[in-house]
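My notes follow in the order I took them.

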Amino acid sequence: MQDLADIFGSDGALAERLPGFSYREAQQQMAMLVAKALESGRHAVIEAGTGIGKTFAYLLPVLLADRRAIISTGTRTLQDQIFSRDLPLLGAVIGRPMQIALLKGRNNYLCWHRLETAANDGTRDAVTVGALRALREWGRASDSGDLTELEDLAEDHVLRGAVTSTVENCLGRDCDFFDRCFVLEARRRAQAAQVVIVNHHLLLADLALKESGFGELLPGADVVIVDEAHQLPDVAQQFFGSSVSTRELESLARDVYSEALKAGVVSEIDAPLGALSKAIIGIRSLAGGQALPLLGRVPWIAAPTALRDGLPEVTALLESLGGVLDQLAETSGGLRNCEERCGACAARLQSITNADPTEGLRWFELSTGVVAIHWTPLDVGSALAARIEAQGGVWVFASATLAVGEDFSHFLGRIGIKGALTDVLPSPFDYATNARVFVPQGLPDPSDSLYVESLLAAVWPLLEAARGGAFLLFTSYKALHRAELWIAQRQAPGPVLVQGRGSRSELLNEFRADGNAILLGTGSFWQGVDVRGPALRFVMIDKLPFAVPSDPLVQARAEAIRRSGGDPFNDLQLPQAVLALKQGVGRLIRDFDDRGLIVLGDPRLRTRGYGRTFLASLPPMPLLDDFADALAFAAVLGESSPLAAVVAAS
C-alpha cells in the first residue's frame, strides 16, 4: 500500500490535487488505523472528532488496498456526498477509475406498478392526476428513477407512498413492469460495483437476507465501513423487532380495493374489506381526542384494555380477508400479493400479542389517528454480532460520538463486538480559542415547574448580546412549546423559527439565509445538522438529555441490565446521555473559522458527581463561571453577526 503520509501530508497528493486541503494529523492517524485493521483482519471502532475529514481517512486505505467495500451511512446527505463528491475526488487522487454505486431504500425509487395503480384507481382529484402524469413523463426520461432528483417532491410528500413500493407490496416477477424496475436496476449496478454506498437500514436488511438464505441485496465485501455508527444500535433494535401499524393496514386496505377494481372483483371482497376497515377505524380512534390522553410510547400494560382486546379481532379479520383473496389469487399478481400481506400482518399481530415478555418488550406508539404495535428485543448486541460475523470481512465503525471519555464499552456492548481496535481522535478545530461553555448559576432543579422560564430569563441577555444566530435545543416538545410562548412576549434579535413549522430542510435554509435567526428544536436538530459560519454562533441546551425513565424501551433495557447484574444508570442511562449531549454540542463548531458559545442549562452539571463525566467528554473548551465573562464573549460574537454589519453600514 502506498505510504499514507505521502498522501495525507502537508505536501502530499491530497494537498497537491485538492484546492483548500489542509494537513490534519488526526486524519492521517485514522487512515493508518483503518489500514491496520485491513491488514490485521480486526474490526475497528473510531471516534473521529468533527473536522477530521473521516470520509477521506477511511476511503483512501480501502481504495489503495483495492478492496471491495460497502459504505453504510445514517443520512441520505452523507450518502450523496460520498457518491457525488468524495469518491470521484479520491479516484482522481489515486489515478485509478473505480465502479461505484449508490443504493437507496425503495421509497426513493419510482415504482411503475404503483404509479399506474394510483393513476387509475378512480379516487384521485384532477390536480393529483396531473401530478401523476408528470411523474410518468419524468420516469420515462430518467435513468435512475430516483425521486430525490425532484426538488418539488419532498421526502414527506403525500404522493411518495402512492408511487413507491415496499418489501410487502412489491409484486416481484409477477409485476408487469419487472423488466423496467428502477429498484432492480439499482441493485444490478450495486452487484457489479467495487464500492457500494447504502444506509443502515439497507445494510441490516442485507444481513437478514443472507441469514435467511434468500440471497442478498449487496455484493460480497472485504470491508464494511459504518459511518455515523452511533445510530446503528438504535436502527438495529427497530430492525430486529416487529411491528404493525394502522397506517400499514390502511395502505393494505387501499391496495386490496385498487387491485380488486382492476380485476373486476370488488363485490367479492366488499364485505370482508369493509369489516377490516371498520375495525381499523375503531383501533385508530383510540389514539385521538379525549379517548386516549396517553400519547407517545406506552407500555403494553398501560394501554387501554379496549386497545389490547381489539387486536385479536383485527387478526381474525385479516385472516378472513386473506382467505377470500386466496380464492381470487389467480385473477392477478396484485391480489396474490395482497393475500400474502394479509397473512404476514396477521402473523405479526398474533406473534406480538402472544410474545414472551422475558425475551422482549411489547409496547404501543400512539399519535393522533395512528396506532402502532411493537415488539422489541431487549438486547440486539448478540444478534447484530452474529450477522456481522456471518457477513465476514473487516468492519470499521466511525462517528464523532462513540466513547464516554476514552471508554467504548457502551457502544461495543450494543453492537456485540469484542477485540476491536479502538481510538479517540480529537477534532483539529481550535476549541480553546474559538468556543466557550457557560453553565448558569442559581437555576432551579430541572423538575421545577418554572425551569424553562428561569433558564430563558438567565440566557436571554446572552442571546441579545450575540444578536441571535442561535439554536435553542430542548429535550422535550413540552419544554420547546413553553419556550416558544415565553419568547413570543419579547422582542427577539432575529426571526424565531420553531421545529414543526415547516420541514427541517426549510427551517435550516431560512436559518442560514437570515444569519440572526433563533431556532427552537428538539431531537432531530441535535444531530445530523451542519450550519457553518457565523449564522450559528450560539447553542443552548436546556438540560442533560437523559432518556425518559417511563419510556418502555428504556425500562426494558434497564431491567435486562439489572437481571444480568449490571447498573442501569452507569451502564445505560449515563453513557447514552453523554453521547447525546456530545451530539448537541457538536452542532456549534463545524469549521476551522467557526466561533461560538455553548450554554448548558442543567445545574446538575455542578451539583452531581456525574456532571464531571459530561464536562470531561466535551471538546476542550474553556468553562466560564462568571456571567460577565459569558456576556462579554457573546458580545464579541454579536459583533461578527450580519445584523452588526447592517448597523455599522447605517
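I call a residue buried under 20% relative accessible area, exposed over 50% and partly exposed in between, using a 1.4 Å probe and protein chains only. Helices (H or I, at least four residues) and strands (E, at least two) are DSSP runs, numbered from the N terminus.

This is a predicted model, in which local features need pLDDT of at least 70 and side-chain atom pairs count only at pLDDT 80 or more, while totals for chains, interfaces and linings use all residues. Residues are numbered from 1 along each chain as its sequence is written, and side-chain values use heavy atoms, with hydrogens and water left out.

**Entry 1: strand β17.** I checked residues 596-600 and found 5 of the 5 buried, so β17 is largely enclosed by the rest of the structure. In a regular strand the side chains alternate between the two faces of the sheet.

**Entry 2: neighbours of β17.** I count two strands as paired if DSSP finds at least two bridges between them. Strand β12 (residues 435-438) pairs with β17 in the parallel sense over 4 bridges, with Arg436 opposite Leu597. Strand β16 (residues 538-541) also runs parallel to β17, joined by 4 bridges, and Ile541 has Leu600 as its bridge partner.

**Entry 3: the whole sheet.** I traced 7 strands in an open sheet with parallel pairing, in the order β14-β15-β13-β16-β17-β12-β18. β14 (496-498) and β18 (623-624) are the edge strands, each pairing on one side only.

Entry 4: I take contact as heavy atoms within 4.5 Å. Axes are lines fitted to C-alpha atoms, for helices over the stretch in contact, and angles run from 0 to 180 degrees between N-to-C directions. Helix α20 (residues 451-466) packs on the sheet and touches β12, β13, β15, β16 and β17, its direction making about 175 degrees with that of β16. Helix α22 (residues 504-514) lies across β13, β14 and β15, at about 165 degrees to β14.

**Entry 5: Val224.** Is Val224 buried or exposed? I found it buried, with a relative accessible area of 1%, in strand β5 (residues 223-226). Not counting residues up to four places away in sequence, Val224 touches Ile70, Leu203, Gln391, Val394, Trp395 and Val396.
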